Amino acid sequence: MKNRPNALRFFFVVCVALALQAKASASPQKPPGTQIEVVESLENQSPVLVSKPAVQFGKARSSALTIRVDDSVQYQTIDGFGASLTDSSAWLFDRKLTKEQRKELLETLFDAKKGIGLSVLRQPMGASDFALTDYSYDDVAVGEKDAQLAKFSIEHDRAYIIPLLKEAMALNPNLKIIASPWSPPGWMKTSQSMIQGALLPDSYTAFANYFVRFIKAYADAGVPIYAITMQNEPLHIPGNYPGMGMTAIEQTAFLRDHLRPALKDAGLTTKVFVFDHNWDLIEYPIQVLSDPRAAAYAAGTATHCYGGVATAQMELHERFPEKEIWMTECSGGEWQKGNLLEQQVRLIINSTRNWAKTVVFWNLALDQNHEPYLGGCTTCRGVVTVNHSASPTQVVRTLDFTALAHVSKFLRPGARRIASNSFDQGSLEDVAFQNPDGSVVLLVLNGSGSPLPFNIAWRGEFASYKLPAGAVATLCWPASTTK
């Protein structure tokens with residue numbers, strides 16, 4: 001694998017090891033000089049995820065800025081971090097990698113010890129803009145209908161998507177699958193096509209049953225679906241790849257009167273997220289969640305990053321504190337300029353500081369030409385690049401991989417965001433988490449143009465560290481036995 005640092009293969013299990021060390025201590029008090037392990041990355045420096053000398057907590061504090069971490073104030077539980085194993089990504093894994101490369105890449109992505117432990121995949125239900133062909137799970141001849149879903153089949157996905165999902169789940173049993181349709185089958189729509197159009201009024205029941213059939217078929221294939229969204233980007237109607245317009249009024253009625261009863265009758269407890277679109281359009285989920293009967297079956301809201309800012313999620317949380325938030329899509333691409341690692345880490349920090357339970361990038365893998373794709377984005381970037389123009393094929397990890405690794409490698413299932421102060425963009429930005437074993441994970445970004453020293457304050461003690469300009473660091477320390 002190109003540019004694969006030895007550090008990843010023999011990567012230390014920072015938080016777990018230190019937590020066990022603290023637990024084994026005979027002293028009932030927090031040991032003086034508790035060590036903080038540090039892993040650091042710079043955009044234009046290789047290798048990344050570099051283990052730095054540990055720093056220690058003590059009584060002294062420097063005159064630098066201080067990040068105060070407080071686990072007595074806890075926020076959302078984190079479901080995890082990941083991307084989408086689109087049809088395009090899965091095809092590259094299956095057709096452009098050797099068996100050995102595929103195994104190594106899956107371990108790198110999903111194994112928490114050998115790799116970075118990605119724990120969320122958002123799966124398109126049928127074709128998206130990143131697919132080899134235009135397909136749904138119930139395609140019929142033009143002019144025909146299949147209201148009883150007699151021709152429903154996930155056979156397309158059995159070829160390479162489902163096998164890859166099962167391999168990923170074997171490496172990370174905590175992997176959560178979120179499924180989203182870009183379009184229902186064309187016969188359900190006003191356009192009679194997977195492209196454009198809206199859901200026909202007489203197809204609401206069939207579309208609800210389509211979700212039920214999909215969830216059951218995937219479960220039977222060994223891939224449980226954690227959650228669904230009803231429509232990817234419902235306010236965007238693309239002209240050259242699958243999509244569909246769905247107003248907030250339509251989504252409310254579909255959830256309330258059709259999807260909810262269908263899932264309930266089938267005995268399914270799969271979570272349902274509303275919206276699945278950009279931060280600047282949150283009037284949409286506000287409208288859906290303001291209907292009590294629709295909201296009763298909605299776990300919360302899925303958001304995307306392509307418009308607006310992450311603080312829109314705070315508005316949603318304040319209006320509907322009982323409903324949770326998942327950031328389900330944000331692609332990097334050639335349109336980004338400057339320090340890309342800084343931008344992607346900032347996305348993680350801002351999303352989670354504003355109540356997101358997940359941060360999900362877009363394609364898990366694309367090739368050297370940002371392909372394969374049906375339409376839409378022609379310059380999107382994958383978490384890894386599969387360069388099959390080289391011989392042998394090369395797998396190159398992008399800055400998205402590095403950004404995700406700085407959290408996914410260290411957070412365990414059940415981790416929660418905890419309180420920490422953060423400074424403005426252009427200075428130090430951070431977010432803190434606590435694992436179920438009590439260990440703390442602090443992600444810090446230096447968005448300034450110069451190195452910045454800083455203190456970490458934790459339970460009456462302080463530690464100092466200096467972060468290079470544009471760098472990101474994950475700092476991890478064990479739980480203490482007293483508070």
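Buried means under 20% relative accessible area, exposed means over 50%, and partly exposed covers what falls in between (1.4 Å probe, protein chains only). This is a predicted model, in which local features need pLDDT of at least 70 and side-chain atom pairs count only at pLDDT 80 or more, while totals for chains, interfaces and linings use all residues. Residues are numbered from 1 along each chain as its sequence is written, and side-chain values use heavy atoms, with hydrogens and water left out.

**View A. K114 and E107 pair in a salt bridge.** A salt bridge here is a side-chain nitrogen of Lys or Arg within 4 Å of a carboxyl oxygen of Asp or Glu. The closest N and O atoms of K114 and E107 are 3.6 Å apart. Are the two partners buried or exposed? K114 is partly exposed, with a relative accessible area of 42%, whereas E107 counts as buried because its relative accessibility is 14%. Side chains of opposite charge can pair when their charged atoms come close. The structure holds 21 salt bridges, and the next two views show others.

**View B. D257 forms a salt bridge with R256.** Look for the closest N and O atoms of this pair, which are 2.9 Å apart. D257 has a relative accessible area of 33%, so D257 is partly exposed.

**View C. E429 and R346 meet through their side chains in a salt bridge.** The N to O distance is 2.9 Å. This pair links distant parts of the chain, as E429 sits in strand β18 (residues 428–434) and R346 in helix α11, 83 residues apart. Helices (H or I, at least four residues) and strands (E, at least two) are DSSP runs, numbered from the N terminus. Elsewhere, salt bridges that share partners join D94, R95, R102 and E167 into one network.

**View D. T352 lies in helix α11, which spans residues 340–353.** T352 counts as buried because its relative accessibility is 0%. A polar atom of the T352 side chain lies 2.7 Å from the backbone oxygen of I348. Which residues does T352 touch, not counting those up to four places away in sequence? They are Q76, F81, V359, R417, V431 and F433, where contact means heavy atoms within 4.5 Å.

**View E. The largest cavity holds about 50 Å³ of space.** On a 1 Å grid over the protein atoms alone, a cavity is a set of points where a 1.4 Å probe fits but cannot get out, and lining residues have an atom within 4 Å of a point. Grid points are joined across faces, edges and corners, and a volume is the space filled by probe spheres set on the points. The structure has 2 cavities of 30 Å³ or more. Of the 13 residues lining the largest cavity, D87, P124, G126, Y135 and I161 lie nearest its centre. The elements giving two or more residues to this lining are β5 (120–124) and α5 (155–171).

**View F. The second largest cavity has a volume of about 40 Å³.** Its lining is made up of E40, S41, L42, Q45, P47, V50 and K52. Two or more of these lining residues come from each of β1 (35–41) and β2 (50–56).

Notes. On a 1 Å grid over the protein atoms alone, a cavity is a set of points where a 1.4 Å probe fits but cannot get out, and a pocket is an open set with protein on both sides within 12 Å along at least five of seven lines; lining residues have an atom within 4 Å of a point. A polar contact is a pair of N or O atoms within 3.5 Å; within protein, one must be able to donate a hydrogen and the other to accept it, and residues adjacent in sequence count only if both atoms are side-chain atoms.
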